[in-house]
Amino acid sequence: MPEFNKLLVINIKSLAGIDNGEVAFRAGKEMSVFGSLEDAWLLTEGSIISDFGHMSQLDGALYDEPGVRIIDARGRMVFPSFCDSHTHLVYAGSREIEYVDKIKGLSYEEIAKRGGGILNSAKRLHEASEEELTEQALERLNEIIAYGTGAVEIKSGYGLNTGDELKMLRVIQRLRMLSPLTIKATFLGAHAVPAEYKGKQGEYVDLIINEMIPQVSAANLADYIDVFCDRGFFTPDETERILMAGIKYGLRPKIHANELDYSGGIQVGVKYDALSVDHLEYTGEEEISALKDSETMPTLLPGAAFFLNMVHAPARKMIEAGLPIALASDFNPGSSPSGNMQLILSMGCIMFRMTPEESFNACTINGAYAMGISDQYGSIARGKKANFYITKPIPTIEFMPYAYGSNKAETAVLNGEIINM
């Protein structure tokens, strides 16, 4: 068998998501810029995008060069892989009974008070082994690869005690070794207050600060730290204490904010230079003003808003104010049981009235920024990682979000390697 160290994709109907490799994210009017090249070719060397251009400019000598594998993409398009910057996909089992409770009218908070929600997942995770959690998560990772995702952030937060939080993060570390996906790990011990700390929330915050964070850091298990700063969860003051402790140990903040109310979470995130603030259903003028001129990425999670039948974040207002927006799946068992970023792309257009170009940027380069990796991922650029997918034959770029019920991805290439789907 010959060894291939180069991949040449030819006759690409449209090579989309092109930039010069210097774009960190797109904001405001720039979110409508989604460069493309018709009748194109793309060359990778090792794990890197080496070159691309119009078919008329292709050096024919490449066809005969040793070590070059050729894919004819006639009728097909190539897009940068999705960068899904917010998931909770390490979990045990499912929560479809709560889904029925929601249909019957119970709210997210009412279900949580009955021992459901995050506490239900925490109980199941406690009972599962690391091997079981790894096996279940790998199935989910393989599924999202098939839908075009190339990089994913995975949070802990279903442990809610030191041992189980570390268990989750060890599973994420194991997934990094087993999966071709680029994976970022986020410590989310402050996801909910365990039942045994009811009425003693301050003691749980102390546990996170004094025990969990030092142990997570000592084992080098997380890239980021997150807090659910919202009504009924953690207060802005508690969030600040946790973030300061995380920053001390080198963990940059990310925040669950303003999903349930105007919680102050966005302002706390900006104050502590959070990489992203996520959910944001309740975002007004004050929150938009705080986000302007910051380096914090506003990240919307339409899958959760759709599944929970919540108000929609004011995406158009945010874009028109000059802000960037990222879109992520929030893949989790309770409020968004899907990691299908093609569906999130469509939801950006349908629910938030984003144009296809804006939605693509939100799911790729802006998602990459929200993971801290937009220097290498999120667009088609010379010198960036070769993370992209080749579609089935489709008529236009707009067809991707339009045809929301089918998988349009046919071939995934991650770090220059073709992945069996």
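**View 1. Salt bridges in the predicted model.** A total of 19 salt bridges is counted, where a salt bridge is a side-chain nitrogen of Lys or Arg within 4 Å of a carboxyl oxygen of Asp or Glu. The model is predicted, and local features need pLDDT of at least 70, side-chain atom pairs count only at pLDDT 80 or more, and totals for chains, interfaces and linings use all residues. Residues are numbered from 1 along each chain as its sequence is written, and side-chain values use heavy atoms, with hydrogens and water left out.

**View 2. The salt bridge between arginine 382 and aspartate 51**. The closest N and O atoms of arginine 382 and aspartate 51 are 2.7 Å apart. This pair links distant parts of the chain, 331 residues apart, with arginine 382 in the loop between helix 14 (365-369) and strand 14 (388-391) and aspartate 51 in strand 3 (residues 48-54); helices (H or I, at least four residues) and strands (E, at least two) are DSSP runs, numbered from the N terminus. Arginine 382 is partly exposed at 47% relative accessibility, and aspartate 51 is also partly exposed, with a relative accessible area of 28% (buried means under 20% relative accessible area, exposed over 50%, and partly exposed in between, with a 1.4 Å probe and protein chains only).

**View 3. The salt bridge between glutamate 130 and arginine 170**. Here the closest N and O atoms are 2.7 Å apart. The pair links distant parts of the chain, 40 residues apart, glutamate 130 being in helix 4 and arginine 170 in helix 5 (residues 162-178). Glutamate 130 is partly exposed at 26% relative accessibility, as is arginine 170, with a relative accessible area of 36%.

**View 4. The salt bridge between aspartate 223 and arginine 176**. The two side chains meet at 2.4 Å, N to O. Aspartate 223 lies in the loop between helix 6 (201-218) and strand 9 (224-229), whereas arginine 176 is in helix 5, so the pair ties together parts that are 47 residues apart in sequence.

**View 5. A patch of negative charge on the surface**. Glu131, Glu132, Glu135 and Glu139 gather in this patch, which is made of residues with over 30% relative accessible area and no salt bridge, like charges being joined within 9 Å. Glutamate 139 is found in helix 4 (residues 130-146) and is exposed, with a relative accessible area of 56%.

Conventions:
Patch = residues over 30% accessible without salt bridge, like charges linked within 9 Å, V, L, I, M, F, W, Y side chains within 5 Å. Areas by Shrake-Rupley, 256 points an atom, 1.4 Å probe, with all protein chains shown as cover. Lys, Arg positive; Asp, Glu negative; His and termini not counted. Charge placed at Lys NZ, Arg CZ, Asp CG, Glu CD.
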